[in-house]
Structures are given as C-alpha cells and as structure tokens.
Amino acid sequence: MPSQTEIQLTEEQVAEFATYYEGDYKPLVGLLIRWGASRHEAEDVAQEAMHVALMNWPTIKSPKSFTRAVALRSLHRGWQVAERDVTAARRVAQDVTMESFDANEDRPEVMSMLQALPEAQRVVFVLHYDGYGHTEISEITGQQRDTVRSNLRHARQKLLRMLDPESTRKEATHGP
C-alpha cells in the first residue's frame, strides 16, 4: 500500500473519491452493523476502510467490493484481538483459582477431585503442575502434544467447575 506521501491524486480523482465516500460511507457502516459490529466499531472500521481505499484509489476497479473486503478483514482482526484479550483474562482467572487449588492440594477434597478426572487428564494435569511442559508430558505419556494440551484444558475446566459450581451457571448464561 502506498504511503500518504507517495500517493498523487488528480483533482478529478479526489472529487471522484469524495463522491464515492459520500454515497457509500453510511451503507458501509450499516453493513458492518448487520455483520455484528457495534455502531462505534462499525464507524471506526468504515473510516479505516475508506482511508485504505483513498490510499489505493488509482488502482481500485470496484470501490464497493474493495472497501467491503478491507472492512471485513479489519472487523475480523479486531474481533480476534478482543477474543485473545478475553481468553487471556480467563486464563488469569483460572490461574488464580488453580493457585488456590495448589495451596489446598493436601486436603482430601482435592485428592477426591483429582480422582474424579479421567486418567489421561489426571496424569497430564499432575505432570503440568509438577513443572513439566507440553512437550515433556507428551514424551512421558506417549500422547500427542495437541492431545496433552487438550487433556490439560479439559482437566482445568472440570476442576474449575468442581471448585466453583457457580462458574457453570455463569458460563451457561454468558454473564459475570
């Protein structure tokens, strides 16, 4: 994509883009909202798409298709970043809960919870909390690395549900 200093638009191209912008900005915002964006998010993404279109104006054959492709990619990228942030926050919350689990590991309830896990999950969980990484656990147990990760994730989820039965209700309602 050319930088702002590299782009040279004629007066005719500037006028053509301005006309396009005026006619397509609101429909693009509406489309983004229908795709699932909030109004604020849709307006930001539409502005970004229009800016990219302006920077590429001389080479664009179909402005509507171009801006929609840029907008969709930008919207999805934003959602992926937001999802990573939510996932990271969940992991922090899980880690705090699991630290509580670690602090109480000598209590009979904790041993009972571990025994309630399927053997593959229990073995992976115990090895992980003994300090082994996914690759080492894979070598020790003979499980594929992805299977180790999956078993660890499932073990954590089950233990968290056992430690905090309210979390199951929270997840079911998608609320805090």
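This is a predicted model: local features need pLDDT of at least 70, side-chain atom pairs count only at pLDDT 80 or more; totals for chains, interfaces and linings use all residues.

## Reading the fold, step by step

Modeller: Let us start with a single side chain: Trp 57 has a relative accessible area of 6% and is buried, because buried means under 20% relative accessible area.

Biologist: How many aromatic pairs does the structure hold, and how should I read one of them?

Modeller: In general, a pair of aromatic rings is described by how far apart the centres are and by the angle of the planes. The structure holds five such aromatic pairs, and one of them joins Tyr 20 to Trp 57, with 5.6 Å centre to centre and 35° between the planes, which makes the pair tilted.

Biologist: Which parts of the chain does the pair of Tyr 20 and Trp 57 tie together?

Modeller: Tyr 20 belongs to helix H1 (residues 11-35), whereas Trp 57 sits in the loop between helix H2 (39-55) and helix H3 (63-103), so the pair ties together parts that are 37 residues apart in sequence. Tyr 20, with 12% relative accessibility, counts as buried.

Biologist: What kind of pair do Tyr 21 and Tyr 25 form?

Modeller: Tyr 21 and Tyr 25 form a stacked pair, with 5.3 Å centre to centre and 20° between the planes. Both residues lie in helix H1 and are four residues apart, about one turn of the helix. Tyr 25 counts as buried at 17% relative accessibility. If you now look at the rings together, Phe 17, Tyr 20, Tyr 21, Tyr 25 and Trp 57 form one aromatic cluster.

Biologist: Let me step back to the whole chain. How many helices and how many strands does its secondary structure come to?

Modeller: The chain has eight helices and zero strands. Buried residues account for 28% of its 176 residues, and of the contacts with a separation of 6 or more, 59% are between residues 24 or more positions apart. The chain exposes about 11,600 Å², and 53% of that area is supplied by carbon and sulfur atoms.

Biologist: Which residues have the most contacts inside the largest nonpolar core?

Modeller: To read a core, we look for buried nonpolar residues that are joined through side-chain atoms. The largest nonpolar core here has 19 residues, and those with the most contacts inside it are Phe 17, Leu 28, Leu 32, Ala 46, Met 50 and Ala 71. Helices H1, H2 and H3 each supply at least two residues of this core, with H2 giving the most, namely seven residues. Ala 71 shows how such contacts look in detail: not counting residues up to four places away in sequence, Ala 71 touches Leu 28, Leu 32, Val 45 and Ala 49. There is also a second, separate core of 11 residues, which includes Leu 114, Leu 117, Val 148 and Ala 155.

Biologist: What about Thr 67, is it buried or exposed?

Modeller: Thr 67 lies in helix H3 and counts as buried, with 0% relative accessibility. Leaving aside neighbours within four places in sequence, Thr 67 is in contact with Tyr 20, Asp 24, Leu 28, Ala 49, Met 50 and Ala 53. A polar atom of the Thr 67 side chain lies 3.2 Å from the backbone oxygen of Lys 64.

Biologist: Where does Asn 56 lie, and which backbone oxygen does its side chain approach?

Modeller: Asn 56 lies in the loop between H2 and H3 and counts as buried at 14% relative accessibility. A polar atom of the Asn 56 side chain lies 2.8 Å from the backbone oxygen of Val 52.

Conventions: Residues are numbered from 1 along each chain as its sequence is written. Side-chain values use heavy atoms; hydrogens and water are left out. Rings of Phe, Tyr and Trp (its six-membered ring) pair if their centres lie within 6.5 Å; planes under 30 degrees apart count as stacked, over 60 as edge-to-face and the rest as tilted. Buried means under 20% relative accessible area, exposed over 50%, partly exposed in between (1.4 Å probe, protein chains only). Contact means heavy atoms within 4.5 Å. Accessible areas come from the Shrake-Rupley method with a 1.4 Å probe; for residues, only the protein chains shown count as cover. A nonpolar core is a set of buried Ala, Val, Leu, Ile, Met, Phe, Trp, Tyr and Cys residues joined through side-chain atoms within 4.5 Å. A polar contact is a pair of N or O atoms within 3.5 Å; within protein, one must be able to donate a hydrogen and the other to accept it, and residues adjacent in sequence count only if both atoms are side-chain atoms.
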